[in-house]
Amino acid sequence: MLAVVVDKPFGIESLRVTDVKEPGEMENGVRIRVTMGGINPLDYAVVNGRVLYNLNPPLPPHIVGSEIIGVVEEDKYGFRKGEKVIVYDRVFDGTCDLCLSGNEHICRNGGIWGVVTNGGFTEHVVVSKEALFRQGSLSDEVAVSIPIAALTAYHALMRPGRPPPSLCSSTVPLETQASLRCR
Ligand SMILES: [Zn+2]
């Protein structure tokens, strides 16, 4: 399958589209066909081999991309083949004190999917079922902005501890509202 890969030495001149191996099976993993990706400053940093949030740069060759949506390719763990899903771009263990307090995005033993793991600018990925969210009625454009663009806005709004009241009074996902409010 094709993928956007950065190889040694880091830098945009080492970025290319090339053939890579299909992803293998993974415990609790669900196979996804990637349909859209978002490009972020994070990708620029990864391509240039920069340390992000104290996370070591990946070992090249590395598949770039941390913000993607896709379609489930198999009935597995409650997900149905053909379902549209959003890939949450955090790797987390679910057991440390930060995860247990609802702060899995800063898990002590985790990192950013696409930085500490291969990313999603490719045709197929296998992602932990815990990192998949159903897209539902969200448009592709909004859905693909949720993992990084919207969640960054969400955390910026929530960190002061006083989210706007309407953020808590709707059935629309908070992340989507935060994204829309910050545009
Ligand atoms: Zn954790």
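**Entry 1. The core**

I began with the largest nonpolar core of this predicted model. I noted that this core has 38 residues. Those with the most contacts inside it are Ile32, Val64, Ile69, Val85, Ile86, Val87 and Val127. I then looked up which elements give two or more residues to the core, and recorded strand E1 (2-6), E3, helix H1 (41-47), E5, E6, E9 and H4. H4 supplies the largest share, 6 residues. Domain 1 (2-136) and domain 2 (145-183) both contribute residues, so the core lies between them.

**Entry 2. Contacts of Val127**

I next listed the contacts of Val127, setting aside neighbours within four places in sequence. Val127 is in contact with Gly29, Val30, Ile32, Val87 and Leu132.

**Entry 3. The sheet**

I traced an open sheet of 5 strands in the order E9-E3-E5-E6-E10, with antiparallel pairing. Strand E9 (124-128) and strand E10 (132-134) are the edge strands; each has a single partner strand, so one side of each is left without a neighbour in the sheet. On average, and with direction ignored, neighbouring strands of this sheet are turned by 45° against each other. I also examined helix H4 (residues 146-158), which packs on the sheet and touches E3, E5 and strand E6 (84-87). The direction of H4 makes about 60° with that of E6.

**Entry 4. Strand pairs**

I went through the pairs of strands in turn.

- Strand E3 (residues 29-38) and strand E5 (residues 67-72) run antiparallel and are joined by 6 bridges. Here I found that Met36 has Ile69 of E5 as its bridge partner.
- E5 and E6 pair in the antiparallel sense over 3 bridges. Ile69 has Ile86 of E6 as its bridge partner.
- E6 and E10 also run antiparallel, joined by 3 bridges. In this pair I noted Val85 opposite Arg134 in E10.

**Entry 5. Leu52**

Finally, I turned to Leu52, which I located in the loop between H1 and strand E4 (62-63). Is Leu52 buried or partly exposed? I found 15 C-beta neighbours inside 10 Å, so Leu52 counts as partly exposed; a buried residue would need 20 or more. Leaving aside neighbours within four places in sequence, I recorded contacts of Leu52 with Leu42, Ala45, Ile112 and Val115. Leu52 and Val115 are 63 residues apart along the chain, and their C-alpha atoms are separated by 8.5 Å.

Note on methods
Residues are numbered from 1 along each chain as its sequence is written. This is a predicted model: local features need pLDDT of at least 70, side-chain atom pairs count only at pLDDT 80 or more; totals for chains, interfaces and linings use all residues. Two strands pair if DSSP finds at least two bridges between them. Helices (H or I, at least four residues) and strands (E, at least two) are DSSP runs, numbered from the N terminus. Axes are lines fitted to C-alpha atoms, for helices over the stretch in contact, and angles run from 0 to 180 degrees between N-to-C directions. Two residues are in contact if their C-beta atoms, placed from the backbone, lie within 7 Å. A nonpolar core is a set of buried Ala, Val, Leu, Ile, Met, Phe, Trp, Tyr and Cys residues joined through C-beta atoms within 7 Å. A residue is buried if 20 or more other C-beta atoms lie within 10 Å of its own, exposed if 12 or fewer, and partly exposed in between; C-beta atoms are placed from the backbone. Domain bounds come from an automatic or database domain assignment.
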